[in-house]
2 protein chains.
Amino acid sequence: MTPTPDAQPFRIGLLGHGTVGGAFETLLRERAAHVAAITGLQPRIAGVLTRSRGDFDEILAGCDLVVELIGGVEPARDYVLRAMRAGKHVVTANKQLLSQHGEELWAAAREHDVQLRFEAAVAGVVPVIRVLQESLAGAHVDRVHGIVNGTTNYILTEMARTGCSYDEALAGAQRLGYAEADPTEDVNGRDAAAKMAIIARLAFDTPVHLDQVTYEGIERITADDMEYAQELGLGLKLIGTAERIDGMLAVRVHPAFLYSGHPLASVHGPFNAVTVESEAITEITMSGPGAGGPQTASAVLGDVISAMIPPASTPETTQALQVVDDVQSSFYLHMEVADRPGVLAQVATILGEHGASIKSVVQKGLDERARLVMVVHPVLESRFFAAVEQIAVLDFLRSPPRAIRVIDEEFV
Amino acid sequence: MTPTPDAQPFRIGLLGHGTVGGAFETLLRERAAHVAAITGLQPRIAGVLTRSRGDFDEILAGCDLVVELIGGVEPARDYVLRAMRAGKHVVTANKQLLSQHGEELWAAAREHDVQLRFEAAVAGVVPVIRVLQESLAGAHVDRVHGIVNGTTNYILTEMARTGCSYDEALAGAQRLGYAEADPTEDVNGRDAAAKMAIIARLAFDTPVHLDQVTYEGIERITADDMEYAQELGLGLKLIGTAERIDGMLAVRVHPAFLYSGHPLASVHGPFNAVTVESEAITEITMSGPGAGGPQTASAVLGDVISAMIPPASTPETTQALQVVDDVQSSFYLHMEVADRPGVLAQVATILGEHGASIKSVVQKGLDERARLVMVVHPVLESRFFAAVEQIAVLDFLRSPPRAIRVIDEEFV
């Protein structure tokens, strides 16, 4: 990527410099040349406000867009409102703020004709906000289910995996940084409730305040409950639900057993996922990391870039990558052969001469034929196919060999 | 939803009136009041072009936006270019066109400062285009894996489920409308290749033409291959891959075995799914219906609405749904009780008096205690909790009863 020194600057005022703020500054530096190439504008941090440094008015006067990563209601609310009144776009990750003062803030964005973007406030880099606001703007949504708190999903996953108690899993999550020193709002469901309030507002076009969301946490889940879940083939997750019921709306967060085929049952560890159900579209599911500095910073950067470029932009290509068609792959190779000695040795020799090493082999008798199935370790495809061509003309082959690629990190 | 008779009209020129075109017209009629409420504009079809009716120039002159659902390269290319030159936004579902003439069309969109949106061209209502173009615009993508053809995924799912042959599964898919009378481009991988070309262009900012995508179909997959996959706990899917390899790009479509934990291994039937991998964000997976008239029409409508409203709009609420907190749920109820006769009868009686009917029950001895676990059919939560409150004070309870909700269509 060549730098774009003549690009106009795009000045970002950064409020807050904790985990996400720091990760955003790092990510922006890494991706600045790319962002400049696709937007024609050179992004840079024009000022940082923390408790100990920076002046909000000065930052506001010198920036094109404000990124709010302070969290909590005040002074974040005041800063965001003042930024929008000054005609600046705002990108925020603040779920507390939006779940309690969203209507006021969205009204201010409309009034001052600025963008208020908040993808990072819900499910980190999982693009649930954008998809609800834009892709599904016309849809009649019936129900949304979400795993929107990574801490609790990590704890429940560990309890299911190891059989440990809630307290042990929580302590492990804290050691690994998946839970904070004070995990109260995560484990009691309040964090997830704030996210479900925002999701419900967007999905159902109706005002939803955090106070209207019923929530229950995972503190009472025992190893015993997990054992029953596993016996019955169920998953046990902290689920947020927003759904229409008889012309009314229910928005709730609580632990729930899910049957194994449910799209959220296979969401493990700190991942988040959201399923949107609508009669016309059946359902859409989105999943990915729901927290973490770099991941949340990626969501913030996506919002910042969206504010920099016209809608639905497909910028000129910035790369001219050579497209190759010969790559390394692992293969499954299926052969029907005459059942006689030396067959496997010949096949293995030819594969070996072409650099293909055998990972596993299964041979089954089949009258006077045998079925020989093997999996080979990753090898350049051209070499593998050259080997298969040689094998195909051996006199003991009873039908053409069949090769299928294997994408399997565990298996290869 | 109250009608908005005073809203300005937003006139849509519709090119093509096949399955998706017809579904779009129906959906737009159903959702017109909602769209008017959130956009302030009253959408209507201002003209329809088919082989036998309509005049393109007339439609163009009388519309604000063109929806192109003709498919194929010509005359779609000509119409789309002329629409953009006339300053109209275009929404298209045309993967052939974009995978072969994308650069020309995107350049025209930039030149004439109009939006060219194409969510419906790839994976139907799964929002992969929007997410790649916007949410992940700043990301350094390493790899994309996709199941982007619903016909082949349906066929492979049926082969895995029933053990039938490829020909039998294809015939079944044709009977149910999941495969066309001439399924060639679906089953030979070319349809998926066109979609992967578009995905790769957006994910890697580099020109990718359909001709550069290597593809292989599913015609040679046998029941035997499926059997091996199942023995080994693998899924067998038609997978599209676009990935960086040593500073180059490989874009391919081929059948592949996937280990059971892979996010795409559990994508069944006609569903599509795309996984985007990037070091900074780990991975995002999106899944949903990849085809079907109403589903594809939903993707088109999402694009149309996005062209009608300013970016990142959170319109005023249009609903004032009452938020309820008492709903029907199925429950798991866990009790530790003294191991003596009559306990189950008492619990069941109290539940029954509150309208809760028992679906299943497991009782396990535990020294002189017993563990009693039951699942009850959906019941109003307030009634269930009232029952639990009565149960909690019974003298044979050895610890407080624990209730967890069950979201399980199969199980309840």
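Which residue of chain B comes closest to the rotation axis? Keep that question in mind while the two copies are laid out. The model is predicted. Chain B can be laid on chain A by a turn of 180° and a shift of 0.0 Å along the axis, with an RMSD of 0.0 Å. The two copies are thus related as by a two-fold rotation axis. Of the residues of chain B, M286(B) comes closest to that axis, with its C-alpha at 2.2 Å. Both copies use the same surface: 100% of the contact residues of chain B recur in chain A.

Now the interface itself. Here 90 residues of chain B are in contact with 90 residues of chain A. On the chain B side, strand β9 (residues 248–259) gives the largest share, 10 residues. That side of chain B divides into 50 nonpolar, 25 polar and 15 charged residues.

Strand pairing also crosses between the chains. Strand β9 (residues 248–259) of chain A pairs with strand β16 (residues 402–407) of chain B. The sense is parallel, over 3 bridges. Within this pairing, L258(A) stands opposite I407(B).

Next, a sheet within one chain. In chain B, 5 strands form an open sheet, in the order β2-β1-β3-β4-β5. The pairing is parallel. Strands β2 (41–49) and β5 (116–117) of chain B stand at the edges, each with a single partner strand, so one side of each is left without a neighbour in the sheet.

Turn to chain A and strand β3 (residues 65–68). How many bridges join strand β1 (residues 8–15) of chain A to β3(A)? There are 4, and the two strands run parallel. G13(A) has V66(A) as its bridge partner in β3(A). β3(A) also pairs in the parallel sense with strand β4 (residues 89–92) of chain A, over 4 bridges. In that pairing, V66(A) has V90(A) as its bridge partner. The chain crosses from β3(A) to β4(A) through helix α3 (residues 76–85) of chain A, and this β-α-β crossover is right-handed.

Finally, the faces of β3(A). Both are covered. L65(A) and V67(A) lie on one side, V66(A) and E68(A) on the other, and all are buried.

Terms used. Residues numbered from 1 in each chain as written. Chains lettered and ligands numbered in written order. Predicted model: local features only at pLDDT ≥ 70, side-chain atom pairs only at ≥ 80, totals over all residues. Least-squares fit on C-alpha atoms with pLDDT ≥ 70 in both. Contact = placed C-beta atoms within 7 Å. Pairing = 2+ DSSP bridges. Buried ≥ 20, exposed ≤ 12 C-beta atoms within 10 Å, placed from the backbone. Right-handed = clockwise from strand over helix to strand, strands pointing away. Nonpolar A, V, L, I, M, F, W, Y, C, P; charged D, E, K, R; others polar.
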